[in-house]
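Colleague: I am new to this structure and would like to learn how to read a few of its features. Could we take them one at a time?

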Amino acid sequence: MTAALRFDPIRLPEKCEQLRKEVRAFLAEEIAAGTFDPHKPNREDTDAPEFSRRVGAKGWLGMTWPKKYGGQERSFLERYVVTEEMRVANAPTRRFFVADRQSGPVLLKYAPEHIKMEILPRICRGEICFAIGMSEPNSGSDLFAAKTRATKTDGGYLINGTKIWTSSAHIADYMIAIFRTSPPTKENRRHGLTQFLVKMKQPGIEVNPIGQITGQYEFNEVVFTDFFVPDDHVLGEVDGAWKQATSELAYERSGPERFLETYYVLTELVRAVGPNPDTRSAEGIGRLVAQLHTMRRMSVSVAGMLQAGKEPVVEASIVKDIGTVWEQQLPHRVRDLAAFVEETATNRETLERQLDFAIKTAPKLTIQGGTTEVLRGIIARGLGLR
């Protein structure tokens, strides 16, 4: 099947701009109170549970969800604004971001009612953290190569196997994971995978941190040994999770976080060159800003499709591919332009410190959420090229 590829132009309505002002004012108060420093992306206090609760109290988590589950029934475009402002400010969103972005919508669609009533309001209050259990050793971003087994037993399933590159598993309360419940068939290698809700911090789960060159510990290896999951924690169709997971990735791959993760070096460069940049700096910054604006328009368009109830898997993959390649290259482009910044620039030291961190963290950006190679395979299939 060939997807009808399109990115409809969407302008954010006035209520979104009013919300933007509210979010900026809130973040300014948090910065003034010392909750976080927007100029230090390499801080170690990225898990900020109290900040998470304050964001929840503002009604900015689960914004699009039904009010009966703690949501606000607001639009995807309004949620986009909150995400954008949080990302630009380098706010510590780790504790709530995955739950708000994709785990909550999965539960809304596939979880039994009693689980929705128990968990979704806690996400909206900023009380709990979710991880995503997809990638496995020796399978890269090939989700359908998953081998971690879920074997049927009385009242549920026993899980044995390993997930890897699992962000925030060391602080997560829950994980939504894909496990193999049946072998793949010759006709469909995607058959046999089932999605589960996993309660973390239980016997049978071992979380091993994976260090990064930045000195941070964000990724983890998660080992399951005869871990029991009850029947009511199965999400959706047994053996049919591939249909659900591909829809889930439209949420994961299309947001502003997919091109703003190293954005701080661009704003710091603008501060360093000042109001009267030389021709080379002005041209280089102008080119980067034009590229950023284009990606943002595409990303907002995908948010509009989600608002309309569509599943823009191909469009989301394009945003993620272009965005992560751009944000990965951004620190190197900024470093080249920074070579011409005056040594007397007041923020020279800050810029150099940010560049050091951004260049070290950049390699992960085209891996997390699906490698560039896998994304381009999805895009090619969507366009009927393979």
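Colleague: Which residue just after α8 takes a positive phi?

Modeller: Keep in mind that this is a predicted model. The residue is G309, with a phi of about 85°.

Colleague: How many residues does helix α8 have, and how far does it reach?

Modeller: The general idea is that an α-helix has 3.6 residues a turn, so residues three or four places apart point the same way. Helix α8 covers residues 279-307, 29 residues in total. From its first C-alpha to its last it reaches 42 Å, close to the 42 Å expected at 1.5 Å a residue.

Colleague: What does the side chain of D278 reach at the start of α8?

Modeller: One of its oxygens comes to within 3.1 Å of the backbone nitrogen of R280.

Colleague: Where is D239 found, and what is its phi?

Modeller: D239 is in the loop between β8 (234-235) and α6 (241-253). Its phi is near 75°, again positive in a residue other than glycine.

Colleague: Is D239 buried or exposed?

Modeller: Buried means under 20% relative accessible area. D239 counts as buried because its relative accessibility is 16%. D226 has a relative accessible area of 49%, so it is partly exposed.

Colleague: Which residues form a nonpolar patch on the surface?

Modeller: L5, L383 and L385 do, with about 270 Å² of accessible area together. L383 is in the segment after α11 (372-382), and is partly exposed at 32% relative accessible area.

Terms used
Residues are numbered from 1 along each chain as its sequence is written. This is a predicted model: local features need pLDDT of at least 70, side-chain atom pairs count only at pLDDT 80 or more; totals for chains, interfaces and linings use all residues. Side-chain values use heavy atoms; hydrogens and water are left out. Patches are made of residues with over 30% relative accessible area and no salt bridge: like charges are joined within 9 Å, nonpolar side chains (Val, Leu, Ile, Met, Phe, Trp, Tyr) within 5 Å. Accessible areas come from the Shrake-Rupley method with a 1.4 Å probe; for residues, only the protein chains shown count as cover. A salt bridge is a side-chain nitrogen of Lys or Arg within 4 Å of a carboxyl oxygen of Asp or Glu. Helices (H or I, at least four residues) and strands (E, at least two) are DSSP runs, numbered from the N terminus. Buried means under 20% relative accessible area, exposed over 50%, partly exposed in between (1.4 Å probe, protein chains only). The expected span of a helix is 1.5 Å times one less than its number of residues. A polar contact is a pair of N or O atoms within 3.5 Å; within protein, one must be able to donate a hydrogen and the other to accept it, and residues adjacent in sequence count only if both atoms are side-chain atoms.
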